[in-house]
Amino acid sequence: MSGLYIERRGRGDVPLVMLHGWAMHGGILAPLADALDARFDMYIVDLPGHGRSRDAALPLDPATCAAALVERVPPAMWLGWSMGGLFAMIAALDYPDRVRALIPVSATPCFVRTPDWPHGNDVAMVRKLAADLDADYKATVDRFIALEAMGSADPRAETRRLLADAYARGEPDPRVLREGLRLLETTDLRPRLGDLRPPSLWIAGQRDRIVHPEAMRWSAQAARGDVETINAGHAPFIGHADELARAITHFTEAHA
């Protein structure tokens, strides 16, 4: 057994796998799950080392997690927020017959800036986060959460909400936090997006300070997918869950 915790909820008949971001857990997506409850049959995952999967034996590796998850969930649409989007992208690329559609939310195929990718983050920021984890990992996570809330309509309120929810299932394993930062620093899926077979909807936050909306637009074009931009920050499921749910539902109906 992989030891991955999967919460199943929803009254609908459309299977949907949902994956959270770095240092979080599946419960953080509750506002979106509430908004999708009537239409979808949701499988909300706690990734290794996070939430109720804190003691899972799996590494925080997208290919390994995708292989474990496709054995436990039916063919479904896969939604991934932030770092979870990388896991969903890998699943869609590696298991196109099991992933019916891909929905990255504020997720980029390449997190760091390179000479040919101006839409990424400074690699020094990622490396400083990694160094700070060793000194005080909880304070480091808290600072990253504050960064996620920047650009939202009410950054202070969103920071309080994210901080309150982030530790609702316990603190994440510092080991996987470091693994996650290495993943963000080294992964570049841009060359593979042209091979993506399932339909895709790339949902961007117009005021996102972590994943630039232009990265989402570029990715949608490379994957021959759709793009939706919401006037939100990095966590559009807080404060904009209904708008996010409408975009997902319309996309689902178009590709049913």
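Start with helix α5, residues 155-166 of this predicted model. Its twelve residues reach 16 Å from the first C-alpha to the last, close to the 16 Å expected at 1.5 Å a residue.

Now show the side chains of Glu158, Thr159, Leu162, Asp165 and Ala166: these are the buried residues of α5. Turn the view until you look down the axis of α5; the buried residues fall within an arc of 140°, so they line one face of the helix. The general rule behind that: an α-helix has 3.6 residues a turn, so residues three or four places apart point the same way.

What do the buried residues of α5 pack against? Select 123-149 and you have the partner, α4.

Next stop: Pro199, in the loop between α6 (174-186) and β6 (201-205). Pro199 is partly exposed, at a relative accessible area of 27%. Leaving out residues up to four places away in sequence, Pro199 touches Arg100, Ala101, Leu102, Phe251 and His255.

To find the largest cavity, select its lining: Ser82, Met83, Leu86, Ser106, Ala107, Thr108, Phe111, Leu184 and Val211. Colour that lining by class and you'll get six nonpolar, three polar and no charged residues.

How values were computed. Residues are numbered from 1 along each chain as its sequence is written. This is a predicted model: local features need pLDDT of at least 70, side-chain atom pairs count only at pLDDT 80 or more; totals for chains, interfaces and linings use all residues. Side-chain values use heavy atoms; hydrogens and water are left out. On a 1 Å grid over the protein atoms alone, a cavity is a set of points where a 1.4 Å probe fits but cannot get out, and a pocket is an open set with protein on both sides within 12 Å along at least five of seven lines; lining residues have an atom within 4 Å of a point. Ala, Val, Leu, Ile, Met, Phe, Trp, Tyr, Cys and Pro count as nonpolar, Asp, Glu, Lys and Arg as charged, and the others, Gly among them, as polar. Helices (H or I, at least four residues) and strands (E, at least two) are DSSP runs, numbered from the N terminus. The expected span of a helix is 1.5 Å times one less than its number of residues. Buried means under 20% relative accessible area, exposed over 50%, partly exposed in between (1.4 Å probe, protein chains only). The arc is that of the directions from the helix axis to the C-beta atoms. Contact means heavy atoms within 4.5 Å.
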